[in-house]
Amino acid sequence: MYSFVIPVFNRPDEVDELLNSLTQQKQKDFEVIIVEDGSTLSSQMVCERYKNQLAIHYYYKENSGPGQSRNYGVERAKGDYVIILDSDVVLPDDYLVAVDQELKRQPADAFGGPDAAHPSFTPIQKAISYSMTAFFTTGGIRGGKKKMDKFYPRSFNMGIKKEVYQQLKGFSKMRFGEDIDFSIRIFKAGLACRLFPEAWVWHKRRTDFRKFFRQVYNSGIARINLYKKYPESLKPVHLLPMIFTVGVLFLLVCMTVGILLHLFATSTLLQNIGCGLLILSLLPLLLYAFAIFCESAWLFKSVKIGFLSIIAAFTQLMGYGFGFIEAWWKRCVKGKDEFTAFEKNFYK
C-alpha cells in the first residue's frame, strides 16, 4: 500500500483540487494523510467531504514548517511506500499506476517525478512552470530529459520506502531547501534513487511574479545553506543563476555607459563607441530572450505565454542569483550562522 503525505498551510481550495484528483486514480491501494500545519484557513471540512471516496486521515498540529509536518504524517502512515506531495499539485489519473509499474520493473528505495503545467493554469502560472522546468533556465535538473546534474527528488513529488524514511530520520528542521537536504542524505546513504519520468504531476507553483521572486530568492539562500552542510553538493549548474545575474548587471552598466556616450559625448568617435557598446550589451540579452520566447511559445502554442516566459525566466534566474549572492556574503564571508543570517525572511 502507498501513503500520500501532504502538509498544508492555509490552502483549502488547493487541497480540494488535489483530493479530487486522487479520487480519479486508477490504482486504488493507497491512503491519504493531510497534515494541517497551524493553518488559520482550515482544510478539515474539505477532507470530510472525501471520507466516503478516500481512505483519508486529517491531522492538525501547531506550525513547525513543511518538513516537520511531513515527519508527523509519515509517523502515522501505514503504507510500505510514502509519497510526499505539496498541496499545490494535481495528479493525472494514471500517476500511481506509473509509480507502481516503475517499482515492479526495477525496485527503488526512493524516487521522484517531474512536473508540468495543466491546461487550466493561468498564463503566468504556465510561464513560471516553463521557467522552472526548461533546460534554458534550470539545466533540466528538475526532471528534464536533458540535464546538467543528476536528478534529486523534490517535495512536490517524492516517494520513499517508509523504513528508509525512518532510517534517515525524515526531513531536517530547515524551513527551505529541506527537500534537497533530504535527497542529498538519500544519495549519501548509498540508497537506490531514480527519476520516474511518467510519474509526473501538474504543479501550480506561484500565481504572480512577486511571489515567484520571493520563492526563488529563498532557493538561492537555501543553496548556500546546503553548501555549508554538504560542500560537495554545490555543482557548476548551481552557479549559473549567480553568473547570469552578475552578467546582466554588468551588461546593464555597459548599456548605461553606451547611452550616455551616445547622447552626451562631444566627439563623433565617442558617440560611435557608445552606440557600439549599447548594441553589444543589448545583443546577448535579446538573443537569450528570443530563445526563451521561441521555445515557450512553441510549447504552449501561445505568443502571450512566450513573452511572459521571458519575464519568468529573468525573475527565476536573477531572484535565485540575488539570494545566492546575499547568502554567500552573509554566511561565507561574514561567517553568520543559518538562523541569524536569515531570521527575517527565511524562517517565517
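In which sense, left-handed or right-handed, does helix H9 pass helix H12? In this predicted model, H9 passes H12 in a right-handed crossing. The axis of H9, the helix formed by residues 209–229, comes within 7 Å of the axis of H12, and the two cross at roughly 40 degrees.

The crossing in which H5 passes H12 is right-handed. On the side of H5, the contact is made by Pro123, Ile124, Lys126, Ala127, Ile128, Tyr130, Ser131 and Met132, and on the side of H12 by Lys304, Ile305, Leu308, Ser309, Ala312, Ala313 and Gln316. The residues of this contact of H5 with H12 comprise 10 nonpolar, 3 polar and 2 charged.

Attention then turns to the nonpolar cores. The largest nonpolar core holds 32 residues, of which Phe4, Leu19, Leu22 and Tyr95 touch the most other members. Two or more residues of this core are given by each of strand E1 (2–8), helix H1 (12–23), strand E2 (30–37), helix H2 (44–48), strand E4 (81–85) and helix H4 (95–105), and the largest share, 5 residues, comes from H4. Around Leu19, when residues up to four places away in sequence are not counted, the residues touched are Val32, Ile34, Val46, Cys47, Tyr50, Leu54 and Ile56. Another core, of 18 residues, lies apart from the largest one, and Val74, Ala77, Ile160 and Cys193 are among its members.

A further position described here is Gly73, which lies in helix H3, residues 66–75. Gly73 has a relative accessible area of 0% and is therefore buried, a term that applies under 20%. With its neighbours within four places in sequence left aside, Gly73 is in contact with Val5, Ile33 and Val35. Gly73 and Pro7 stand 66 residues apart along the chain, while their C-alpha atoms are separated by 7.9 Å.

Key
Residues numbered from 1 in each chain as written. Predicted model: local features only at pLDDT ≥ 70, side-chain atom pairs only at ≥ 80, totals over all residues. Heavy atoms only, no water. Left-handed = near helix turned anticlockwise from the far one by under 90°. Helix = DSSP H or I, 4+ residues; strand = E, 2+ residues; numbered from the N terminus. Contact = heavy atoms within 4.5 Å. Nonpolar A, V, L, I, M, F, W, Y, C, P; charged D, E, K, R; others polar. Core = buried A, V, L, I, M, F, W, Y, C linked by side-chain atoms within 4.5 Å. Buried < 20%, exposed > 50% of the residue type's maximum accessible area, 1.4 Å probe, protein only. Axes fitted to C-alpha atoms, helices over the stretch in contact; angles between N-to-C directions.
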